[in-house]
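Work through the exercises below with the sequence and the 3D structure at hand. Each task is followed by a stepwise solution.

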Amino acid sequence: MRILLAEDDEKLRTSLAFQLEQEGFLIDTCADGEEALYYIEQNIHDLILLDRMMPYISGTELLQKMRKAHNQTPVILITALGTLDDKVTGLDLGADDYLVKPFAFKELMARIRCVARRPRKMEEADKISFGDITYRPEENTLSGTAGTCSISKREGDLLEAFLRNPGQSLSRTLLLTKVWGLDSDVEEGNLDNYIHFLRRRLKAVGSKVAIRTIRGVGYQIET
């Protein structure tokens with residue numbers, strides 16, 4: 001799961017990012033509203049932890065912009081404003097949950113698990129099927145007509161990007177961003193290598209699903 005942590009308190013941001021990474025999440029961080037808006041517009045995150053009061057653009061403004069743009073990525077507002085009216089306002093603007101500072105990391109994890117159980121983009125199901133294959137993200141297993149095989153986390157992230165967008169041409173830049181993150185300096189050749197790995201996996205499980213190269217653009221999954 002890839003999480004965007006938008007928090008202007010450097011100490012809190014650093015601490016939360018470290019703890020979340022220890023739990024196995026992929027974390028992108030930012031310290032102000034303008035930077036957060038840039039990340040949000042990439043639409044690559046499964047969950048956003050959003051500070052309500054940030055420089056340049058507030059968390060509530062960002063939340064309004066997201067929902068007006070039909071971006072339904074789950075959002076947990078993190079704020080020092082804890083009155084009933086503050087909570088009601090945040091939830092009415094489209095937040096999925098509201099966490100008041102200071103809070104225990106254990107509570108944040110419980111809130112994340114709660115949002116993750118909801119049938120949204122982050123966890124639409126415990127498996128994703130397309131054509132004659134089924135991918136189970138929690139187990140990192142790929143199944144086809146000839147059996148099941150385990151795949152690496154990186155292969156799984158790449159495969160999921162395709163399976164969430166069946167029949168669509170996905171640019172190399174989009175795939176690199178979704179799998180390796182916005183700030184990664186990974187070389188494009190790595191993407192080609194993982195495409196090769198995925199094609200071998202599909203062949204190994206006897207699938208007719210193919211990842212087609214779209215010259216000058218990127219790749220597309222098709223049956």
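**Exercise 1.** State how much space lies in the largest cavity and which residues line it.

Solution. The largest cavity holds about 30 Å³ of space. A cavity is a set of points on a 1 Å grid, over the protein atoms alone, where a 1.4 Å probe fits but cannot get out, and lining residues have an atom within 4 Å of a point. The volume is the space filled by probe spheres set on the points, which are joined across faces, edges and corners. Next, list the lining: Tyr39, Ile40, Asn43, Ile44, His45, Ile48, Asn71 and Thr73. Finally, sort these residues: four are nonpolar, four polar and none charged.

The model is predicted; local features need pLDDT of at least 70 and side-chain atom pairs pLDDT 80 or more, while totals for chains, interfaces and linings use all residues. Residues are numbered from 1 along each chain as its sequence is written, and side-chain values use heavy atoms, without hydrogens and water.

**Exercise 2.** Decide whether Arg52 is buried or exposed.

Solution. Locate Arg52 in the loop between β3 (47-51) and α3 (59-68). Its relative accessibility is 12%, so Arg52 counts as buried (under 20% relative accessible area; exposed is over 50%, partly exposed in between, with a 1.4 Å probe and protein chains only).

**Exercise 3.** Find which residues of α5 are buried and where they sit around the axis.

Solution. The buried residues of α5 are Phe105, Leu108, Met109, Ile112, Val115 and Ala116. They cover an arc of only 125 degrees around the axis, so they lie on the same side of α5. Their cover includes β1 (2-6) and α1 (10-22).

Methods:
On a 1 Å grid over the protein atoms alone, a cavity is a set of points where a 1.4 Å probe fits but cannot get out, and a pocket is an open set with protein on both sides within 12 Å along at least five of seven lines; lining residues have an atom within 4 Å of a point. Ala, Val, Leu, Ile, Met, Phe, Trp, Tyr, Cys and Pro count as nonpolar, Asp, Glu, Lys and Arg as charged, and the others, Gly among them, as polar. Helices (H or I, at least four residues) and strands (E, at least two) are DSSP runs, numbered from the N terminus. The arc is that of the directions from the helix axis to the C-beta atoms. Contact means heavy atoms within 4.5 Å.
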